[in-house]
Amino acid sequence: FRPVADDSPLTPSTAHRRLTKISVIGAGNVGMAIAQTILTQNLADEIALVDALPDKLRGEALDLQHAAAFLPRVRIVSGTDPAVTKNSDLVIVTAGARQIPGETRLNLLQRNVALYRKIVPPVAEHSPDALLLVVSNPVDVLTYVAWKLSGFPASRVIGSGTNLDSSRFRFLVAEHLDVNAQDVQAYMVGEHGDSSVAIWSSISVGGMPAFKSLRDSHHSFDEAALEGIRRAVVGGAYEVIGLKGYTSWAIGYSVASLTTSLLRDQRRVHPVSVLASGFHGISDGHEVFLSLPARLGRGGILGVAEMDLTEAEVVQLRRSAKTLWENCQLLGL
Ligand SMILES: O=C1N[C@](c2ccsc2)(c2cccc(Nc3ccc(F)cc3)n2)CC(O)=C1Sc1ccccc1Cl
């Protein structure tokens, strides 16, 4: 290509448009589903991939680069050294030892904490103004660990939390009502996974609260049906693991949705793992991360919803907060 006759280089003020850089730590099934979704949704100008396995990492980076003809131009860099993440706007941490069948969650947690001790400090040093989005499990405790090891303010350390639980919850309620899941408001909060708390009063469709909208749609939607849906959220996760051995697409899309809200400063509300001390009677002294609906923007957690919960829901939240706090205390961070 030859420049036109009257060519003048960009002036510095226009040449340095703020480029968006996203780093994904962990090139496993979850990390690569997230990277692929970020690419197809055009969320970054540059993507950095980090993993401990150099060949796997280089293979994934090359394979993504080979898709360049079908995608918006994105600079893809990779390396086993966290320095490749330098000056990231968002760092998504999916690195996690795979749970060995029969391994206790506490043992898995201890292996993942050891991994985080190696990864989080250099990442925080190379991108001191970044947002940290933690995805590895157990996500609520590991978000606390990332917060402690990064030294970042809690507003810039977010766990994917029950964002995935809630999207499965919304899908199931939507199927039950034959309505688009994007038009179903429904939240699961608290500890991600088996003990997440379905907030029935948060279900609303077409502006109608749960029970009314569901009754008027001529579907019996009693407690049993609601409990069945809550169980199906958990069962769905185990069903996918049983069938394909891991989950990737749903978590990939749910994390891309969080990434859009954060980096495009959307002020959208998502249930994500936040520093919950002081909410719903959780002691200010108990530094625990668990999921509550939060307003997300470029600054991270812009605010946390103060939901009206039933006594039973508050009891479940506090029980999770106590368990999480005990686990966090064991880590001696
Ligand atoms: O969809 C998943 N898949 C995982 C998975 C992915 C690869 S191997 C296992 C899953 C599925 C089922 C159980 C389970 N339990 C678990 C708990 C603590 C850990 F540290 C690790 C795993 N984890 C990881 C995970 O958190 C989810 S969401 C999920 C899990 C359980 C109940 C409800 C939901 Cl919405």
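A: The largest nonpolar core has 81 residues, where a nonpolar core is a set of buried Ala, Val, Leu, Ile, Met, Phe, Trp, Tyr and Cys residues joined through side-chain atoms within 4.5 Å, and buried means under 20% relative accessible area, exposed over 50%, and partly exposed in between (1.4 Å probe, protein chains only). The residues with the most contacts inside this core are Leu49, Ile92, Tyr116, Leu132, Val145 and Leu292, and its largest share, 8 residues, comes from helix 5 (residues 139–150); helices here are DSSP runs (H or I, at least four residues), numbered from the N terminus. Apart from this core lies another one of 14 residues, including Ala174, Val184, Ile203 and Val233. In soluble globular proteins, nonpolar side chains tend to be buried together.

The model is predicted, and for that reason local features need pLDDT of at least 70 and side-chain atom pairs count only at pLDDT 80 or more, while totals for chains, interfaces and linings use all residues. Residues are numbered from 1 along each chain as its sequence is written, and side-chain values use heavy atoms, with hydrogens and water left out.

Turning to the ligand, 17 residues surround it, and the closest are Leu108, Asn137, Arg168, His192 and Thr247; a residue belongs here if one of its heavy atoms lies within 4 Å of the ligand. By class, this shell has 8 nonpolar, 5 polar and 4 charged residues, with Ala, Val, Leu, Ile, Met, Phe, Trp, Tyr, Cys and Pro counted as nonpolar, Asp, Glu, Lys and Arg as charged, and the others, Gly among them, as polar. Its largest share, 4 residues, comes from helix 8.

A polar side-chain atom of Asn137 lies 2.6 Å from an oxygen atom of the ligand, and an N or O atom in the side chain of His192 is 2.5 Å from a ligand oxygen atom, whereas for Thr247 a side-chain N or O atom is 3.1 Å from a nitrogen atom of the ligand. Of the 660 Å² that the ligand exposes when taken alone, the protein buries 86%, with areas from the Shrake-Rupley method and a 1.4 Å probe.

Finally, Asn112 lies in helix 4 and touches Gly96, Ala97, Asn137 and Leu142, not counting residues up to four places away in sequence. Asn112 is buried because its relative accessible area is 1%.

Conventions:
Helices (H or I, at least four residues) and strands (E, at least two) are DSSP runs, numbered from the N terminus. A polar contact is a pair of N or O atoms within 3.5 Å; within protein, one must be able to donate a hydrogen and the other to accept it, and residues adjacent in sequence count only if both atoms are side-chain atoms. Contact means heavy atoms within 4.5 Å.
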